[in-house]
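This briefing is for a reader who is new to the structure shown below. Please look over the sequence and the model before reading on.

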Amino acid sequence: MSAALQQRAATPVITIRPARIEDLDALVALEHAAFSIDRAERRAIRHAIRSASMTLLVALADDDAREMLVGAATLERRKGSRNARLSSIAVSPARAGIGLGGLILDAAESDAAAHGCTHLRLEVRADNGAGIRLYERRGYARFAVIADYYEDGMEAWRYVKALS
Ligand SMILES: CC(C)(COP(=O)(O)OP(=O)(O)OC[C@H]1O[C@@H](n2cnc3c(N)ncnc32)[C@H](O)[C@@H]1OP(=O)(O)O)[C@@H](O)C(=O)NCCC(=O)NCCS
């Protein structure tokens, strides 16, 4: 995504842009706040920021002129494949349920399409009600179930969406 995407969610102005290395501390903090297991490590987040085959998007809220990182999404692409994979999406727990996840997912889909991908795939824990609701509301179709996928043995549901 070349230009920052600005949209309004609830009251604060939300800016979504590719992550920079100076976002690393806030991204690690978000990872800890949003996930209790299967967290990405700091070095994996740093790699995602720098990698040419990945996009890490951050959502920033402009609260009283103070910019705060309130969400993020990571996309992976493979050479020769038109399928992008959303490997992570997270919203700061204090900002959950106000539409931020939807805004970040829109931006992730735009980024995948801008890189020539026709489909976006993802996995979600079978017990992740908020994630499943977010994806199904936005036209993702479940096409596979993978048993024992996560650290604690929970199964994953795989979803795909054709990007317009
Ligand atoms: C999944 C996640 C990104 C959604 O972000 P969000 O900003 O809360 O999403 P939205 O506000 O756009 O809402 C998504 C939908 O889920 C619903 N929802 C929120 N919490 C829910 C819950 N606990 N159970 C069921 N549905 C829930 C919302 O009502 C909304 O549905 P609607 O569009 O019909 O109103 C966020 O909950 C999160 O960061 N979770 C922790 C990390 C995670 O699980 N990531 C996904 C797997 S990688």
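The model is predicted. Its largest nonpolar core has 37 residues, and 21 residues surround the ligand.

**Nonpolar core**

- Leu57, Ala59, Ala72, Ala73, Leu86, Ile104 and Ala108 have the most contacts inside the largest nonpolar core.
- In soluble globular proteins, nonpolar side chains tend to be buried together.
- Beyond four places in sequence, Ala59 touches Ile14, Ile16, Val70, Gly71, Ala72, Leu100, Leu103 and Ile104.
- Leu30 is part of helix H1.
- Leu30 counts as buried because it has 22 C-beta neighbours inside 10 Å, the cut-off being 20 or more.
- Leaving aside neighbours within four places in sequence, Leu30 is in contact with Leu69, Ala72, Ala90 and Ser92.
- Leu30 and Gly71 are 41 residues apart in sequence, while their C-alpha atoms are 7.3 Å apart in space.

**Ligand shell**

- The closest residues to the ligand are Gly101, Gly102, Gly129, Ala130 and Arg133.
- Strand E5 (83-91), helix H3 and helix H4 (129-137) each supply at least two residues of the shell around the ligand.
- H4 gives the largest share of this shell, with six residues.
- By class, the shell has eleven nonpolar, eight polar and two charged residues.

**Helix H3**

- H3 has 15 residues, and the distance from its first C-alpha to its last is 21 Å, close to the 21 Å expected at 1.5 Å a residue.
- The buried residues of H3 are Leu100, Gly101, Ile104, Leu105, Ala107, Ala108, Glu109, Asp111 and Ala112.
- An α-helix has 3.6 residues a turn, so residues three or four places apart point the same way.

**Paired strands**

- Strand E6 (residues 119-125) runs antiparallel to strand E8 (residues 156-162), and seven bridges join them.
- The bridge partner of Glu123 in E8 is Arg158.
- E8 also pairs with strand E7 (residues 141-146), in the antiparallel sense and over five bridges.
- Here the bridge partner of Ile146 in E8 is Ala156.

**Loop residues**

- Thr118 sits in the loop between H3 (100-114) and E6.
- Thr118 counts as partly exposed because it has 13 C-beta neighbours inside 10 Å, which falls between the cut-offs of 12 or fewer for exposed and 20 or more for buried.
- Not counting residues up to four places away in sequence, Thr118 touches Arg82, Ala162 and Leu163.
- Asp38 is in the loop between H1 (24-34) and helix H2 (42-50), and its phi is near 55 degrees, a positive value in a residue other than glycine.
- Asp38 is partly exposed because 13 other C-beta atoms lie within 10 Å.
- Asp148 is in the loop between E7 and E8, and its phi is also positive, near 55 degrees.
- Asp148 counts as exposed because it has 9 C-beta neighbours inside 10 Å, the cut-off being 12 or fewer.
- Most residues other than glycine have a negative phi.

Terms used:
Residues are numbered from 1 along each chain as its sequence is written. This is a predicted model: local features need pLDDT of at least 70, side-chain atom pairs count only at pLDDT 80 or more; totals for chains, interfaces and linings use all residues. A nonpolar core is a set of buried Ala, Val, Leu, Ile, Met, Phe, Trp, Tyr and Cys residues joined through C-beta atoms within 7 Å. Two residues are in contact if their C-beta atoms, placed from the backbone, lie within 7 Å. Two strands pair if DSSP finds at least two bridges between them. Helices (H or I, at least four residues) and strands (E, at least two) are DSSP runs, numbered from the N terminus. A residue is near a molecule or strand if its C-beta atom, placed from the backbone, lies within 6 Å of it. Ala, Val, Leu, Ile, Met, Phe, Trp, Tyr, Cys and Pro count as nonpolar, Asp, Glu, Lys and Arg as charged, and the others, Gly among them, as polar. The expected span of a helix is 1.5 Å times one less than its number of residues.
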